[in-house]
Amino acid sequence: MSTSPARTLPNSHTEEDGSAVVRVLSYNIRSMRDDTDALARVIAACAPDLVLIQEAPRFFRWRKKLARLARAADLVILSGGGTASGPALLCSLRATVERTEDVLLPLTPGLHRRGFATAVVRFGGARLGVLSCHLSLQTDERYTQGGMLLERLAGLGVEHAVAGGDLNERPDGRTFRRLASALQDCWVARPWGGEHTSTPGDPHQRIDALFATPGVEVLGCGVPLGLPGVTEEDLRAATDHLPVLAALKVPAAR
């Protein structure tokens, strides 16, 4: 893995006009079955305002496990986990929470139940809708879920939103392309750091991504290789995906 980000990623802050620079991290944590100390170090080093998690713990004492991770990374649970069948949201105390909703998607017999963790939050004068997803391994179901994601974002009732997660598909897939045609693919808009998210030992494909609605300015997005505090050893030990970190400038609400 390369360890030299192309440039510095902006830190979180609020502008005088009420707009906000927000750091958003998307991360498949594989039900915290790996090195949770390494996982917490990676998340904390990224200094995120929002963390879009996939494969959060879903079964025995899942809330306690997720709360322990949030506390270790100096964050709090926003929504999701077992109640969203895996996707979850964490946030910093910088966020003011307006509302949250966990959404279970239709179950296809024989396939894993999927869901969305969603919220509307404020940073300074900026309002932001948020959605974490982990789409199906099955092609047709995944495409349908991509449409549901776009509908759910539109239904949040906010001008600006960010969505992300494990798409189980590369950028040339039809579901990935469906999302990228309606939203900004943050890596394409302003690439920073590394591109490929799978696997940590042999990064060769981008199946995890962050998307933003038009009007959100992408200041940088990619795998945080070489970011101070993020080591290759921790990235390999934490889980079976690499995280995606973005800095977004969200305009003040009109």
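**Figure 1. Buried residues of helix H3 and the elements that cover them.** In this predicted model, the buried residues of helix H3 are Glu141, Arg142, Gln145, Gly146, Gly147, Leu149 and Leu153. The elements covering these buried residues include strand E7 (115–123), strand E8, strand E9 (161–166) and helix H4 (174–182). At the start of H3, the backbone nitrogen of Asp140 has a side-chain oxygen of Gln138 within 3.1 Å.

Figure 2. Ser132 belongs to strand E8, which comprises residues 126–134, and with a relative accessible area of 0% Ser132 is buried. A polar atom of the Ser132 side chain lies 2.8 Å from the backbone oxygen of Ile53, and the side chains of Ser132 and Gln54 are joined by a polar contact of 3.3 Å. When residues up to four places away in sequence are not counted, Ser132 touches Leu52, Ile53, Gln54, Pro87, Ala88, Leu89, Gly115, Phe116, Ala117 and Gly164.

**Figure 3. The aromatic pair of Phe176 and Phe211.** The structure holds one aromatic pair. Phe176 and Phe211 form this pair in an edge-to-face arrangement, with 5.5 Å from centre to centre and 65 degrees between the planes. The pair links distant parts of the chain, given that Phe176 lies in helix H4 and Phe211 in strand E11 (residues 208–212), 35 residues apart. Phe176 counts as buried because its relative accessibility is 1%, and Phe211, at 2% relative accessibility, likewise counts as buried.

**Figure 4. Two arginines over the ring of Tyr143.** Arg174 lies over the face of Tyr143, at 4.2 Å from the ring centre. The charged end of Arg178 also sits over the ring of Tyr143, in this case 4.3 Å from its centre.

**Figure 5. The largest nonpolar core and a separate core.** The largest nonpolar core has 33 residues, and those with the most contacts inside it are Tyr27, Leu39, Ile43, Ile53 and Leu69. At least two residues of this core are supplied by each of E2, H1, strand E3 (50–54), helix H2 (62–72), strand E5 (88–91), helix H6 (232–238) and strand E13 (244–250). H1 contributes the largest share of this core, namely five residues. Leaving aside neighbours within four places in sequence, Ile43 is in contact with Leu25, Tyr27, Pro48, Val51, Leu69, Ala73 and Leu75. Another core, of 28 residues, lies apart from the largest one, and among its residues are Leu50, Ala95, Ala119 and Cys221.

Figure 6. Ser198 and Thr199 are joined by a cis peptide bond, for which omega is about -5 degrees, and Thr199 lies in the loop between helix H5 (186–189) and E11. Ser31, found in the loop between strand E2 (20–28) and helix H1 (36–45), has a phi near 60 degrees, a positive value in a residue other than glycine. Ser31 counts as partly exposed because its relative accessibility is 23%. In the loop between E9 and H4 lies Asn168, whose phi is near 55 degrees and is again a positive value in a residue other than glycine.

Key:
Residues are numbered from 1 along each chain as its sequence is written. This is a predicted model: local features need pLDDT of at least 70, side-chain atom pairs count only at pLDDT 80 or more; totals for chains, interfaces and linings use all residues. Side-chain values use heavy atoms; hydrogens and water are left out. Helices (H or I, at least four residues) and strands (E, at least two) are DSSP runs, numbered from the N terminus. Buried means under 20% relative accessible area, exposed over 50%, partly exposed in between (1.4 Å probe, protein chains only). A polar contact is a pair of N or O atoms within 3.5 Å; within protein, one must be able to donate a hydrogen and the other to accept it, and residues adjacent in sequence count only if both atoms are side-chain atoms. Contact means heavy atoms within 4.5 Å. Rings of Phe, Tyr and Trp (its six-membered ring) pair if their centres lie within 6.5 Å; planes under 30 degrees apart count as stacked, over 60 as edge-to-face and the rest as tilted. A charge sits over a ring if NZ of Lys or CZ of Arg is within 6 Å of the ring centre and within 35 degrees of the ring normal. A nonpolar core is a set of buried Ala, Val, Leu, Ile, Met, Phe, Trp, Tyr and Cys residues joined through side-chain atoms within 4.5 Å.
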